[in-house]
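Welcome! Open the viewer, keep the selection tool handy, and follow along one stop after another.

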Amino acid sequence: MKIAVIGQSLFGQEVYCHLRKEGHDVVGVFTVPDKDGKADPLGLEAEKDGVPVFKLSRWRVKGQTLPDVVAKYQALGAELNVLPFCSQFIPMEVINAPHHGSIIYHPSLLPRHRGASAINWTLIHGDKKGGFTIFWADDGLDTGDLLLQKECEILPDDTVSTLYNRFLFPEGIKGMVQAVRLIAEGKAPRLPQPEEGATYEGIQKKETAKINWEQPAEAIHNWIRGNDKVPGAWTEACGQKLTFFNSTLNTTGLVPEGENLPIPGAHRPGIVTKAGLLLFGNDDRMLLVKNIQLEDGKMIPASHFFNRADSSALELTEEELVIAEAVRSAWKRILPNVLEVEDSTDFFKSGAASVDVVRLVEEVKELCDGLELENEDIYMATTFGDFIQLLVRKLRGDDKDNKCIIDYVEKAVNKLTLRMPHQLFIGGMFVGAEGAKTYETINPTDGSGSTIPINHARPNRNLTLTRKEPIGVCGIIIPWNYPLMMLSWKTAACLAAGNTVVIKPAQVTPLTALKFAELTLKAGIPKGVVNILPGSGSLIGQRLSDHPDVRKIGFTGSTEVGKHIMKSCALSNVKKVSLELGGKSPLIIFADCDLSKAVQMGMSSVFFNKGENCIAAGRLFVEDSIHDQFVRKVVEEVKKMKIGNPLDRDTNHGPQNHQAHLQKLVEYCQHGVEEGATLVCGGKQVSRPGFFFEPTVFTDVEDHMFIAKEESFGPIMIISRFADGDVDTVLSRANATEFGLASGIFTKDINKALYVSDKLEAGTVFVNTYNKTDVAAPFGGFKQSGFGKDLGEAALNEYLRVKTVTFEY
């Protein structure tokens with residue numbers, strides 16, 4: 001289909017590119033004139049492709065269409081006009097000219113918020129749902145028939161930028177392409193817009209963005225975030241106009257203590273705290289503003305409002321002066337209309353736009369050895385002099401960030417008060433989740449330099465050496481059964497190899513990981529090296545697996561999820577993966593064993609950590625001549641086990657991790673009974689509050705049974721007999737599983753032990769012991785129990801990449 005694209009900005013550019021990828025013939029692009037010597041991205045992209053580009057400042061004069069403009073358009077022979085992010089008024093002679101008419105994108109759920117500043121008004125009104133509409137253009141103001149709409153949830157702390165970047169931009173591009181596809185297929189609807197629920201609000205300007213303090217805190221928050229960046233919600237205080245940005249209602253744990261900021265008309269004075277400026281609505285609820293723009297255009301952290309004059313200018317070293325001049329050249333490239341960049345040159349007053357902020361961040365990264373700036377930093381230091389001061393402070397590492405504020409959850413345990421962080425840990429700070437979302441964590445008790453010889457190509461000689469380098473950003477996803485130990489195993493190797501890490505603890509056990517995050521601050525680990533993201537695997541784990549900047553995933557968990565992670569890692573960027581997955585570890589107990597030790601260690605192999613143990617012995621093979629004696633002794637010991645609070649030192653057996661897992665164990669035992677296995681003891685939930693399950697023993701288990709093949713991940717001992725002396729048959733039965741994480745043997749015969757350990761298909765073989773791991777010994781599985789190693793030198797290799805360097809001399 002022949003398409004004319006009429007619009008501007010990165011949004012217009014992306015729509016244009018996607019339409020061409022779909023095979024459409026873009027016959028012409030109409031966009032806005034160059035601004036400050038810079039072409040619009042849509043026009044730039046089209047010019048690269050040789051598509052005719054028309055940069056029109058206007059289509060009409062005094063209400064009359066310009067004939068030469070219409071003539072240029074008509075000569076293209078377009079069958080459809082696509083208007084992505086079009087800010088100009090297009091005459092109806094052009095709108096109605098193509099066979100298929102014209103479609104236009106609008107960032108609201110029409111008929112709500114017709115007109116300009118639609119995203120602003122979505123937030124100002126506190127709408128719970130937002131989205132975009134693609135409609136058939138008409139001569140009204142966003143009143144044409146509807147073609148396609150998509151909606152999203154508005155999060156409590158969404159701003160114009162977050163809403164646009166998270167949904168309206170990426171999904172809007174897809175929506176425009178989908179709409180064109182529907183038109184090409186003859187399936188595009190034309191649904192008249194209802195008047196019910198229709199609203200129209202005018203464009204937001206600075207003079208109309210003054211804050212009305214006679215409102216609840218939520219309404220004030222909505223006003224500030226709805227005017228975020230442009231035009232900016234403001235008030236008069238301290239003899240000047242102050243503009244507020246980055247507002248949040250998430251003030252959990254903040255104490256209203258600090259220096260008062262009197263605000264005329266406000267219900268109460270604001271309070272400048274270490275976290276920012278606390279403001280109050282007429283309902284006495286609080287909101288927090290993190291940034292303030294002063295009347296001279298400079299933006300500062302709100303927490304610095306009263307001490308902003310105290311910071312003295314740094315004296316730059318010779319090396320820093322060289323960097324400053326390189327950055328000055330970058331400003332000149334970005335601001336072509338500025339003849340000379342002085343210390344007083346203001347980035348934004350000199351014509352820079354949001355796209356230039358991104359460019360400056362990238363330029364600084366290249367000039368300063370990868371120094372990461374936030375977009376917000378540029379808004380904080382808009383003049384060149386201030387920007388250089390900020391840059392140098394960051395390079396020196398003394399940018400005087402406030403002490404990390406931690407919102408603790410407290411619990412009294414064993415006469416101690418435990419204080420656990422509970423927020424996400426990102427970039428060295430504890431921060432609330434997007435939209436201040438939380439979930440409950442339930443206590444289950446109560447509810448280097450080697451050289452390699454290579455062939456020499458005469459007459460020259462060669463030297464080849466290898467270098468081991470860190471991979472980069474690594475994602476670590478850990479399970480709920482050993483939340484701190486698994487974190488330590490993987491994170492130690494990851495950091496020792498020189499990487500940075502994003503850790504996703506299990507959703508039900510996040511607190512120890514967050515305590516670890518707190519300790520990294522005390523230990524002085526640089527900010528951003530360790531990051532903790534609690535949450536669901538489907539959201540956080542999936543994003544880590546998909547993210548193109550993450551170069552390695554280390555995962556411990558189920559085989560099913562491991563397969564999904566491996567697939568996502570392959571599809572995203574072929575990232576390196578190590579997986580420690582499910583198990584059904586065999587434990588073979590021969591008649592010539594130390595029976596007392598075999599009983600003791602056999603029970604530990606199953607019941608340790610309530611069976612929530614990846615290497616738990618999933619099936620015990622007991623030689624026939626000692627089978628009955630072994631079972632009798634095990635049952636005697638099971639009856640002695642004290643079930644109770646795991647924080648009580650006398651407890652032998654604590655609760656399962658969560659309710660769903662407890663129910664799974666009940667069903668698992670029902671399977672065993674139904675298939676004919678003998679339930680010797682246990683098999684039920686303990687009759688007491690909490691998620692307690694009885695230590696359970698099954699005998700007479702045959703190889704075909706469900707409980708012989710499937711992992712319980714609970715305190716369930718599965719016992720099968722094998723004929724006296726039949727070593728090879730029991731080996732065959734032990735290996736007849738797709739799992740190969742661990743295994744065990746009990747025998748006094750060293751030859752038998754060596755023979756069986758050679759034949760067992762498992763990453764770890766325990767002989768006359770079980771569960772005995774050491775940080776120096778590699779740990780990991782075979783077959784569908786995964787690949788890659790934790791612990792030992794082998795673990796370092798999981799987080800390194802090997803580079804080969806060859807010299808000729």
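Start by selecting strand β7, residues 102–106. Both of its faces are covered: Ser102, Ile104 and His106 are buried on one side, Ile103 and Tyr105 on the other. Buried means under 20% relative accessible area, with exposed over 50% and partly exposed in between (1.4 Å probe, protein chains only). In a regular strand, side chains alternate between the two faces of the sheet. This is a predicted model, where local features need pLDDT of at least 70 and side-chain atom pairs pLDDT 80 or more, while totals for chains, interfaces and linings use all residues. Residues are numbered from 1 along each chain as its sequence is written, and side-chain values use heavy atoms, without hydrogens and water.

Strand β6 (residues 80–83) pairs with β7 in the parallel sense over 3 bridges, and Val82 has Ile103 as its bridge partner. Strand β8 (residues 129–136) runs antiparallel to β7, joined by 4 bridges; look for His106 opposite Thr133. Strands pair if DSSP finds at least two bridges between them. Helices (H or I, at least four residues) and strands (E, at least two) are DSSP runs, numbered from the N terminus.

Next, select helix α2, residues 41–48, and colour its buried residues: Leu42, Gly43, Glu45 and Ala46. They lie on the same side of α2 because they cover an arc of only 165 degrees around the axis, taken from the directions from the helix axis to the C-beta atoms. These buried residues pack against β1, α1, β2 and β3.

Finish at Ser9 in helix α1, which touches Asp40, Pro41, Leu42 and Phe85, leaving aside residues up to four places away in sequence; contact means heavy atoms within 4.5 Å.
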